[in-house]
Amino acid sequence: MVTLRLGPEDVANVRFAISPLMELHHSVRALEHPEAQALHLPWAAATRERVSGLDMALLHALHPRKAYTPDFIGPPPRSPLGELEEELAEMLATPPAQVRHELRRAYEGREPPAVLEPLLADPARALPALAELLRAYWERALAPHWPRIHALLEGDVLYRARQLADGGAALLLADLHPEVSFAEDTLRIDMPYDVTADLGGRGLLFVPSAFTWPRPAVAVEPAWQPFLVYPARGIAALWDPGRAAPPRALAALLGVRRATVLSALHAPRSTTELARALGLSPGSVSQHLSVLREAGLVHGHRVGRSVLYVRSQTGESLVDGPGPQLILNP
């Protein structure tokens, strides 16, 4: 169990961020670990061949299984919407002593793999080569899919921000993850090790992830801001969204098309994403969203150049209501 005590200043400093570099590293784990491959099978099958020419041995060595993962390879982002190059610059600025300390901790009680020797011997010289490897992996494994992944992560942040505004930290943490609980001033995360820490006003950073599955990840090392990486809402539909089949009563109330659009908002999506997922024209989806918004069933939130739509609490109640499912034909 990881037990974190949050004072008033910590709660006030709760924030969310999207981290491309953290997502990159968690995707490396997803390629290697069979429990994550089932969820990301379409991506993993296509990506394994694309990265076959890279030094995956080094990347895997930086992620020892069932052990501490060095934090310097994915430092917590400083801005809400992290950029890969900014995060790589942060990694490159890691003091050599910190690099050695974290690598030795990751392999405490055993010999580090030989592939890590350059990073242990001369971190300042080896880190730029690692950055180039990470850029190459990004271009092959994640860049082609980043718009879809980024939209999923942005949607989760919007949903959590609404929870924080509506009910504070208690509501925010109520459904963050089954292994995360919050009572009074204490956050508890089920982990295969024990850590108790007082955040001491440093706040807590929440980072949604498509590839951190099925368990969250947490770090409270003094060199970094404490952060919790958790699976984003809607990751099950990331690679193959399919067509949402609304409850029969909902389809009768709203019409099949409109009910389908509402049901498809299990995670925040743009008009274009909905149109592509449901096989409808963007104009048709836009009209349905307009009606649903006027009825108070969805909200639109502008993120950059896009507007992401999320179900309101009333919309959630309608979709989650009991009833047999209507199977739609294409």
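Helices are taken here as DSSP runs of H or I with at least four residues, numbered from the N terminus, and the structure they are assigned in is a predicted model. Under this assignment, helix α13 is followed by Gly 279, a residue whose phi is positive, near 70°.

Helix α13 itself, spanning residues 271–278, has six of its eight residues buried, so that the helix is largely enclosed by the rest of the structure. The buried positions are Thr 271, Glu 273, Leu 274, Ala 275, Ala 277 and Leu 278, and the elements that cover them include α10 (146–174), α12, α14 and β10 (306–311).

Two of these covering elements, α12 and α14, are also in contact with each other. The axes of α12 (residues 256–264) and α14 (residues 282–294) come within 10 Å and cross at roughly 75°; the two helices are therefore roughly perpendicular to each other. On the side of α12 the contact is formed by Arg 257, Arg 258, Val 261 and Leu 262, and on the side of α14 by His 288, Leu 289, Val 291 and Leu 292. Sorted by class, the residues of this contact comprise five nonpolar, one polar and two charged.

Helix α15 (residues 313–320) buries Gly 315, Glu 316 and Val 319. Viewed down the axis of α15, these buried residues fall within an arc of 100°, so they line one face of the helix. An α-helix has 3.6 residues a turn, so residues three or four places apart point the same way. The face of α15 turned away from the buried side carries Gln 313 and Ser 317, both of which are exposed, whereas the buried residues of α15 are covered by elements including α10, α11 (248–254), α12 and β10.

In soluble globular proteins, nonpolar side chains tend to be buried together. In the present model, the largest nonpolar core has 51 residues, and those with the most contacts inside it are Trp 43, Phe 72, Leu 119, Leu 130, Tyr 137 and Ile 149. At least two residues of this core are supplied by each of α2 (20–32), α4 (41–50), α5 (56–61), α6 (84–92), α7 (96–106), α8 (117–121), α9 (123–142) and α10, and the largest share, ten residues, comes from α9. Leaving aside residues up to four places away in sequence, Tyr 137 touches Leu 24, Ser 27, Val 28, Leu 31, Trp 43, Val 51, Leu 54, Met 56, Leu 59 and Leu 142. A second, separate core of 20 residues includes Val 14, Leu 176, Ala 197 and Leu 204.

Most residues other than glycine have a negative phi, and most peptide bonds are trans. Glu 184, however, has a positive phi, near 55°, in a residue other than glycine. With a relative accessibility of 77%, Glu 184 counts as exposed, the cut-off for that class being over 50%.

Conventions
Residues numbered from 1 in each chain as written. Predicted model: local features only at pLDDT ≥ 70, side-chain atom pairs only at ≥ 80, totals over all residues. Heavy atoms only, no water. Axes fitted to C-alpha atoms, helices over the stretch in contact; angles between N-to-C directions. Parallel < 35°, antiparallel > 145°, perpendicular 65-115°, else oblique. Contact = heavy atoms within 4.5 Å. Nonpolar A, V, L, I, M, F, W, Y, C, P; charged D, E, K, R; others polar. Buried < 20%, exposed > 50% of the residue type's maximum accessible area, 1.4 Å probe, protein only. Arc of directions from axis to C-beta. Core = buried A, V, L, I, M, F, W, Y, C linked by side-chain atoms within 4.5 Å.
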